[in-house]
Amino acid sequence: MAHDASALPPLQQVATDFAADKQAFHVPWGKAMMWIFLLSDTFIFSCFLISYMNVRITTTVPWPNPSEVFALSLGGEPIPLILIAIMTFVLITSSGTMALAVNYGYRRDKKKTVLLMIATALLGATFVGMQAFEWTKLIVDEGVRPWGNPMGAAQFGSSFFMITGFHGMHVSAGVIYLLVIATRVGTGYYDRHRGGNYEMVEIAGLYWHFVDLVWVFIFAFFYLW
Amino acid sequence: MSDAKEGQQHPLTVYLWIWLLLFVLSTFSYLVDYFHLHGLLRWSLIITFMLLKAGFIVAIFMHMAWERLALKFAILLPPLCLLVLIGFMAIEGDYTFITRGAAFLR
């Protein structure tokens with residue numbers, strides 16, 4: 001770029017960035033596209049959560065208490081929401097390992113990057129496994145169906161399966177995505193084809209952190225509310 | 001990109017601190033449920049912890065804090081129109097609830 005607007009005051013910088021006949025975002029195109037994809041995904045998940053809010057307001061039947069529905073007894077007394085809490089910690093841990101993978105990627109520490117990405121994918125797979133357990137428990141033991149359940153408002157099932165199902169699908173896709181990128185880092189694909197630029201790791205990281213971000217909202221609005 | 005700096009390089013300690021913070025905040029939000037807090041206190045605590053966690057993930061883990069303002073605006077401002085949808089659907093939901101009450105619960 002001939003001139004860089006970095007030195008300008010922030011708002012003038014925005015004006016210069018958008019007004020000039022050139023690229024607006026000074027980031028690799030893949031990263032800009034990932035952000036725009038994540039923005040569209042934000043709207044999809046928001047539509048799910050807002051329709052959940054809507055049906056929960058409209059129902060005249062009491063909403064099942066998530067604290068009791070998702071309780072799990074490990075030996076003795078049922079502990080409220082314990083599985084969901086563990087899932088939350090697993091996902092946060094995976095976000096941490098991913099952040100470190102991105103960091104080591106930029107330091108060109110190939111081995112650590114690959115190992116941390118694989119750890120992230122394994123934690124993601126663990127999360128999906130726990131979710132499969134949770135779904136099985138709800139469907140088989142508690143009789144929750146998309147059209148009704150024994151505990152209360154019929155809309156509970158459809159909201160639950162749509163929201164967590166769509167999120168679980170994102171986690172599963174993310175696990176595959178991470179393994180593909182990790183393989184490419186490990187086999188030296190980016191060294192041969194992109195001059196040793198590991199920005200793909202950061203882009204995969206953006207997706208993974210977004211999946212964690214969505215879970216923060218699901219945890220708060222669906223499980224805790 | 002001739003002016004491309006070497007991506008987003010930050011000290012490891014930044015990530016480790018945020019990681020720890022996310023763990024603590026998650027524990028807090030779990031404790032809100034564990035101690036059966038109710039009413040306004042419960043909701044305000046849930047929302048506060050949720051927004052703090054979301055903020056740290058976006059700002060630090062997703063590097064938004066270090067991106068240029070143009071990208072911040074392009075990504076962070078559009079979701080604000082969701083507030084309008086939330087408002088609409090809340091009003092609509094209340095209306096449906098009242099209608100159902102009037103029609104079915106007599």
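This short report walks through the predicted model, looking at chain A as a whole and then at one helix and one proline.

Let's start with the overall picture. Chain A holds 8 helices and 2 strands, and along the sequence they come in the order α-α-α-β-β-α-α-α-α-α. Here are some whole-chain values to keep beside the 3D view:

| Property of chain A | Value |
|---|---|
| Box filled by the C-alpha atoms, along the principal axes | roughly 65 × 40 × 25 Å |
| Residues that count as buried, out of 225 residues | 38% |
| Contacts joining residues at least 24 apart, among those between residues at least 6 apart in sequence | 68% |

Now find helix H6 of chain A, which covers residues 155–186. After H6(A) comes Gly188(A), which has a positive phi, near 80 degrees.

Next, turn to Pro80(A). This residue sits in the loop that links strand E2 (78–79) and helix H4 (82–106) of chain A. Is Pro80(A) buried or exposed? Pro80(A) counts as buried because it has 21 C-beta neighbours inside 10 Å, and the cut-off for buried is 20 or more.

Which residues does Pro80(A) touch, leaving aside neighbours within four places in sequence? In chain A, its contacts are Ser67(A), Glu68(A) and Ala71(A), while chain B contributes Asp33(B) and Tyr34(B). Phe70(A) is 10 residues from Pro80(A) along the chain, yet their C-alpha atoms are separated by 6.5 Å.

Notes
Residues are numbered from 1 along each chain as its sequence is written. Chains are lettered from A and ligands numbered from 1 in the order in which they are written. This is a predicted model: local features need pLDDT of at least 70, side-chain atom pairs count only at pLDDT 80 or more; totals for chains, interfaces and linings use all residues. Helices (H or I, at least four residues) and strands (E, at least two) are DSSP runs, numbered from the N terminus. The expected span of a helix is 1.5 Å times one less than its number of residues. A residue is buried if 20 or more other C-beta atoms lie within 10 Å of its own, exposed if 12 or fewer, and partly exposed in between; C-beta atoms are placed from the backbone. Two residues are in contact if their C-beta atoms, placed from the backbone, lie within 7 Å.
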